[in-house]
Amino acid sequence: MNTEIPTSNPPPQQPPQCTGAAGPHISVIEGSIGYQRLLTSLIRAALPSAEIEGIDPFSQTMRGSGIAFGINSDVIVLGGIGTEAEAMSALQRLRTRESCPPIILLTSHELEPLSSRLCAAGAAAVLQKDALSQNVLADTISRLTGRSRDKESTAKACATHEPREFGHFVFSVASERVVLAVDGYQSVTTLSANPMAQVMLAEAIEDGTRVVVKFGLSTPVHDAAAVRQFCDRYMYFSSLKGRSAVHHLDAGIAGTWPYVVLEYLAAGDLRRRMLGRLSSNAAARILHQLAAALIDVHAGGFAHMDLKPENIFFRDDESLVLIDFNISTRMRDVTRIRTSDDVVGSPSYMSPEQGRGLPVDGRSDLYSAGVIFYEMLTGQMPFSGENSAQVIFKHLHEEVPLLPRQIRHLQPIVDRLLAKNPDERFANAFELLTALQPLLDQLPDPRGDAGDALVPSPH
């Protein structure tokens, strides 16, 4: 049995709260299970101390005794509003009681011009449900839970709420043109596009800061199962606060898909560095950093499952950052590698157990790290073929190739990482880190590391 060694994560940063250490009690009223789950996760990620109750309005009546739900909350987030009549009716029923908490109304963008009228009818704030920012929602909750619950103060809060600036992102999905509004960011250009995600370079409207906006096209809000997996990954990787995973700056819902706003890593990815010659010293240091990053990933019970040079970036301070957790998988679960005839993942870096569709754990990522290490050392892939099936077959059956003679002393590390049987690999990323440390202790200062320098042999 593989035992992943956890590390202690820094406590999530929490916005200031005015409702005590326990945090606010929030009722999320939304009929779509997927959308309700997204809302709950976005709030919980931004306000970790909040107590959140999800309510399906279609499971009970909004009339009579049913109006009591949510009344004991500090704030109600009311979704599922598509028309002015629906909004007015819901507000009237909820505001019947004097003790009704502030209501954040989530409406379609068509109702945005009616915000003042909806505020006058009792909404404390009006936000767009199809252009919703986690940061704006969390800030609105924090502001409202620090105010009196009387109607005068909530009406004033709504009336003085500053209008938001939305940028527009245009791309194609299944040959259809899509235009999405994102709160606070404007599109610059497309970075990548595939059936799972659209990734765009963007700028903050307020100050021009460059960011990356990623739309989860494989996670429509009506798909409750896909949303559950997205939220599970998002809650953990956003909690790392950019330590070894890309920093999540914001998130939200655009149209029918979730999106995340990520830091822009201008220093580039490992593939860019591999276009030039990497010394074996540099390759060893990068593998060491990668092992440290994988400790954080695996501590949350996840395997990355798509490690490759394009998903390994660097910050300006040379620290290594992992990106793209689209297919990250819970330990012992099975990564679905095929959708129709397409392979999900990267066959050139795929472990034998992932290629077989077997349950995975952190040792699958260590195999991928071994492929990357071999490629950094030699400039070639250990296994290649004319198509994905051939590459996967070689991962399953061919022997690990030998390194060039001058760096052959690194062969034991490569062999353990690329072992066909997971039990013959390093048990976890911490064990790899420990095995690399004596080697790194011998290396010269990286600032004086020549481009063609080799890791000195211990013999």
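Helix H8 passes helix H13 in a left-handed crossing, in what is a predicted model. To find the two helices, look for residues 280–299 for H8 and residues 429–441 for H13. Their axes come within 9 Å and cross at roughly 155 degrees. Angles over 145 degrees count as roughly antiparallel, so H8 is roughly antiparallel to H13.

Which residues of H8 and H13 make the contact? On the H8 side, they include Ala284, Leu287, Ala291 and Ile295, along with Arg285 and His288. H13 brings in Phe430, Leu433, Leu436 and Gln437, among others. Sort the whole contact by class and you get 13 nonpolar, 3 polar and 1 charged residues.

Now jump to another pair of helices. H1 covers residues 33–46 and H4 covers residues 134–145; they pack at an angle of about 70 degrees, with their axes 9 Å apart. Since 65 to 115 degrees counts as roughly perpendicular, that makes H1 roughly perpendicular to H4. The crossing here is right-handed. Leu39, Leu42, Ile43, Ala45 and Ala46 from H1 meet Gln134, Leu137, Ala138 and Ile141 from H4. By class, that contact has 8 nonpolar residues, 1 polar residue and no charged ones.

Finally, let's look at some strands. E4 (residues 103–107) pairs with E5 in the parallel sense, over 4 bridges. Within that pairing, isoleucine 104 sits opposite alanine 125 of E5. Strand E5 spans residues 125–128, and its residues point in two directions: Ala125 and Leu127 go one way, Val126 and Gln128 the other. Are these four buried or exposed? All of them are buried, Gln128 included.

Definitions and conventions. Residues numbered from 1 in each chain as written. Predicted model: local features only at pLDDT ≥ 70, side-chain atom pairs only at ≥ 80, totals over all residues. Heavy atoms only, no water. Axes fitted to C-alpha atoms, helices over the stretch in contact; angles between N-to-C directions. Parallel < 35°, antiparallel > 145°, perpendicular 65-115°, else oblique. Left-handed = near helix turned anticlockwise from the far one by under 90°. Contact = heavy atoms within 4.5 Å. Nonpolar A, V, L, I, M, F, W, Y, C, P; charged D, E, K, R; others polar. Buried < 20%, exposed > 50% of the residue type's maximum accessible area, 1.4 Å probe, protein only. Pairing = 2+ DSSP bridges.
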